[in-house]
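User: I am new to this structure and would like to learn how its features are read. Could you guide me through them one at a time?

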Amino acid sequence: MSKVDLGAVVTPSLKGRGPAGEVLTALRQLAVERGWPRVIAPVRPTLKPRYPLAPIESFMGWTRPDGTSLDPWIRTHQRLGVRIVAAAPASQTMTGTLWEWERWTGLVFPESGEYAVPPGLDLLRVDKDSGQGVHVEPDVWMRHM
């Protein structure tokens, strides 16, 4: 069994024009050609930054009246027949000094605590004593094929 790590980012000017779906279709085709039984992808929901207080386990279950996901990126996967496998509440951890976080976000962190930092999917945890900030991003594991 092979394991391949792959990442893709759509240029903002092309969002909504279909290249993300094309990349997913190409990935699935590659899996078929290589004889892989499945593709499991960590999906970063695009609307989650608007709801940083909501746990990813709740957010990934939110649906529209038609039963599809509230999140457009999850919906793109669903249109391809993908199913949600699980939440990944700690998919990616980013650490930095408070100076770095202030530079990256344009915010000031006057005391220790949790802060919403757009476009973060969760809250930034600031520790003034150590001079550090830690941001843990969630994802949604989705199974293609």
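User: Is R64 buried, exposed or partly exposed, and what is its relative accessible area?

Analyst: Buried means under 20% relative accessible area, exposed means over 50%, and partly exposed lies in between, with a 1.4 Å probe and protein chains only. R64 is partly exposed because its relative accessible area is 32%. Please note that this is a predicted model, in which local features need pLDDT of at least 70 and side-chain atom pairs count only at pLDDT 80 or more, while totals for chains, interfaces and linings use all residues. Residues are numbered from 1 along each chain as its sequence is written, and side-chain values use heavy atoms, with hydrogens and water left out.

User: With which residue does R64 form a salt bridge?

Analyst: A salt bridge is a side-chain nitrogen of Lys or Arg within 4 Å of a carboxyl oxygen of Asp or Glu. The partner of R64 is D66, and their closest N and O atoms are 2.9 Å apart. The whole structure holds four salt bridges.

User: Which residues are linked in a network of salt bridges?

Analyst: The network links E114, D122 and R125. R125 pairs with E114, the closest N and O atoms being 3.2 Å apart. That pair links distant parts of the chain, eleven residues apart, with R125 in strand β4 (residues 123-127) and E114 in strand β3 (residues 113-116). R125 also meets D122, at 3.8 Å from N to O. R125 counts as partly exposed because its relative accessibility is 35%.

User: How many helices and strands does the protein chain have?

Analyst: Helices (H or I, at least four residues) and strands (E, at least two) are DSSP runs, numbered from the N terminus. The protein chain has four helices and five strands. Along the sequence they follow the pattern α-β-α-α-β-α-β-β-β. Of the 145 residues of the protein chain, 31% count as buried, and the C-alpha atoms fill a box of roughly 55 × 40 × 30 Å along the principal axes.

User: Which residues line the second largest pocket?

Analyst: On a 1 Å grid over the protein atoms alone, a pocket is an open set of points with protein on both sides within 12 Å along at least five of seven lines, whereas a cavity is a set of points where a 1.4 Å probe fits but cannot get out; lining residues have an atom within 4 Å of a point. Here the lining consists of R44, Q92, M94, W101, W104, T105, V117, P118, P119, G120, H135 and E137. About 170 Å³ of space lies in this pocket, where a volume is the space filled by probe spheres set on grid points joined across faces, edges and corners.

User: Which element gives the most to that lining?

Analyst: Helix α4 gives the most, with three residues. β2 (83-97), α4 (98-105) and β5 each supply at least two. By class, the lining has six nonpolar, four polar and two charged residues. Ala, Val, Leu, Ile, Met, Phe, Trp, Tyr, Cys and Pro count as nonpolar, Asp, Glu, Lys and Arg as charged, and the others, Gly among them, as polar.

User: Where is the peptide bond that is cis?

Analyst: Most peptide bonds are trans. The bond from P118 to P119 is cis, with omega near 0°, and P119 lies in the loop between β3 and β4.

User: Which residues make a nonpolar surface patch?

Analyst: Patches are made of residues with over 30% relative accessible area and no salt bridge; like charges are joined within 9 Å, and nonpolar side chains (Val, Leu, Ile, Met, Phe, Trp, Tyr) within 5 Å. Accessible areas come from the Shrake-Rupley method with a 1.4 Å probe, and for residues only the protein chains shown count as cover. I40, V85 and W141 make a nonpolar patch of about 250 Å². W141 belongs to strand β5 (residues 132-144), and this residue is partly exposed, as its relative accessible area is 33%.

User: How many residues apart in sequence are G131 and W99, and how far apart are they in space?

Analyst: G131 and W99 are 32 residues apart in sequence and 8.1 Å apart in space, from C-alpha to C-alpha. G131 is in the loop between β4 and β5. For P110 and R38, 72 residues apart along the chain, the C-alpha separation is 47 Å. P110, in the loop between α4 and β3, is exposed because its relative accessible area is 60%.
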